[in-house]
Amino acid sequence: MREYRDKPTKFHKPSKDELDARRKRNVAMAIGLSLFMVFVFITMVSSGIIPNVS
Amino acid sequence: MRSNINNIDPKVTFNDVAFNTSGISLARPSDFFALMKPRVMSLVVFTAWAGLVLAPGSMPLWNAFASILCIAAGAGASGALNMWYDADIDAEMSRTKKRPIPQGKMRPRAALGFGVLVSLASVWMLYIASNLVAAALLAFTIFFYLVIYTIWLKRRTPQNIVIGGAAGAFPPMIGWAAVTGDISFNSVILFLLIFIWTPPHFWALALYKTIDYAKVGIPMMPNVKGPVSTRNQIMIYSLALFVIATIPMFSGLAGDLYAICSIPLNLAFVTLAFKVWRSQAGGIPNKNSETSLYAVKSGDRAARNLFAYSIVYLFAIFGVLAAEALLV
């Protein structure tokens with residue numbers, strides 16, 4: 001099936017700084033979200049919302 | 001007054017800083033951290049911790065740690081939301097022009113999204129870690145700082161920081177509520193300590209940054225009522241702070257250690273405020289008179305000293321209160 005899309009006439013190649021900043025943001029977001037999940041879990045266990053079976 | 005910065009074209013310059021043409025943001029994780037006003041956050045963390053330590057009762061260590069982290073994140077989120085709304089004036093002021101949005105590293109809407117997300121996460125997490133009262137207080141603090149202070153009062157009245165100061169005064173109350181689940185007389189005293197401390201702290205800064213605030217049309221007290229009225233009010237609030245700071249000695253919140261330490265701390269505060277009151281701080285020097293120029297410069301120095309000391313004062317007062325609660 002043929003797709004209809006606008007041709008990217010105003011495309012600008014990202015600079016090294018932009019790509020570097022994006023990579024760092026992605027890494028920070030991944031670490032942040034992982035830590036947040038661990039943080040939520042431990043807090044829920046500590047608050048008794050998730051029973052501590054150990 | 002507010003420019004339409006949210007609909008800015010990527011190729012249009014924002015105060016001489018061009019946005020990158022590829023559309024990928026240059027913002028690094030450190031820029032998002034800067035959005036959270038880390039220096040303000042440190043004061044929030046410290047006072048919230050003090051409130052938590054001073055509150056009667058106890059809570060699991062992890063929950064206490066999590067609560068402080070949530071209060072800090074909530075404070076940081078309000079900082080980000082403040083930078084989103086104030087992006088236009090931040091670009092014009094020497095004190096704020098190096099913030100990530102005026103520098104063109106990120107769009108205001110990125111700060112808005114970040115602020116909203118962190119606000120929701122921090123309030124929800126505080127509810128899980130402590131209780132509904134603490135979470136509701138944190139939500140109200142974020143609302144107060146963004147809507148009441150930043151959007152409503154800041155650009156409209158010279159009483160902006162007097163009323164808006166309440167937002168900065170809530171953290172010890174939230175810390176207290178995280179432990180007890182209520183608001184009591186002593187937690188209100190902790191609130192009042194910061195609430196009354198805020199006007200002399202910010203007006204001292206405004207006295208020697210008068211031009212900066214005038215440039216962007218923020219009605220700070222020295223710009224609207226003049227330096228004399230501001231200096232008078234600094235003196236009145238400093239004396240009121242002295243009175244408020246003595247209440248913990250009689251309300252059962254503090255004991256001898258606090259009494260010994262707080263009196264000299266308060267005397268020093270009043271002395272520095274008195275120096276500002278007597279000075280020409282914030283005045284306009286007479287260009288033909290060298291004496292007048294030196295008088296204003298010396299007055300500005302006195303205001304600078306009061307501003308710097310006020311930060312030390314708040315850390316010291318809450319530090320002594322917390323130390324006594326931990327030691328005794």
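How many residues of domain 1 of chain B are in contact with how many residues of domain 2 of chain B? Before counting, keep in mind that this is a predicted model, and select the two parts of chain B separately: the domain assignment gives domain 1 as 29-181 and domain 2 as 184-328. With both coloured, the contact turns out to involve 30 residues of domain 1 and 27 residues of domain 2, while the C-alpha centres of the two domains of chain B lie 22 Å apart.

Stay on the domain 1 side of this contact in chain B, where the elements that give two or more residues are α2 (38-54) and α7. Of these, α7(B) provides the largest share, with twelve residues. Coloured by class, this side of domain 1 shows 18 nonpolar, seven polar and five charged residues.

Next, select helix α7 (residues 160-180) and helix α8 (residues 185-208) of chain B, whose axes come within 8 Å and cross at roughly 150°; the crossing of α7(B) and α8(B) is right-handed. Showing side chains here brings up the residues that make the contact, including G165(B), A169(B), M173(B) and W176(B) from α7(B), and L190(B), I194(B), T198(B) and F202(B) from α8(B). By class, this contact of α7(B) with α8(B) comprises 15 nonpolar and four polar residues, and no charged ones.

Move along to the loop between α7 and α8 of chain B, where S184(B) lies. Is S184(B) buried or partly exposed? S184(B) counts as partly exposed, because 16 C-beta neighbours lie inside 10 Å, whereas a buried residue would need 20 or more.

The next selection is the largest nonpolar core, which has 102 residues, and in which I71(B), A80(B), L138(B), I174(B) and V276(B) have the most contacts. The element that gives the most to this core is α8(B), with 15 residues, and at least three residues are drawn from each of domain 1 and domain 2 of chain B. To see one of these positions in detail, centre on I174(B): leaving aside neighbours within four places in sequence, I174(B) is in contact with A48(B), G51(B), I71(B), A134(B), L137(B), L138(B) and T141(B).

K37(B) has a positive phi of about 50° although it is not a glycine. Most residues other than glycine have a negative phi. With 19 other C-beta atoms within 10 Å, K37(B) is partly exposed, since the threshold for a buried residue is 20 or more.

Finally, bring chain A back into view, which has one helix and zero strands. Of its 54 residues, 6% count as buried. Selecting across the interface shows 16 residues of chain B in contact with 19 residues of chain A. On the chain B side, α3 (61-85) and α5 (108-129) each supply at least two residues, and the residues of that side divide by class into ten nonpolar, five polar and one charged.

Notes: Residues numbered from 1 in each chain as written. Chains lettered and ligands numbered in written order. Predicted model: local features only at pLDDT ≥ 70, side-chain atom pairs only at ≥ 80, totals over all residues. Helix = DSSP H or I, 4+ residues; strand = E, 2+ residues; numbered from the N terminus. Buried ≥ 20, exposed ≤ 12 C-beta atoms within 10 Å, placed from the backbone. Axes fitted to C-alpha atoms, helices over the stretch in contact; angles between N-to-C directions. Left-handed = near helix turned anticlockwise from the far one by under 90°. Contact = placed C-beta atoms within 7 Å. Nonpolar A, V, L, I, M, F, W, Y, C, P; charged D, E, K, R; others polar. Domains from an automatic or database assignment. Core = buried A, V, L, I, M, F, W, Y, C linked by C-beta atoms within 7 Å.
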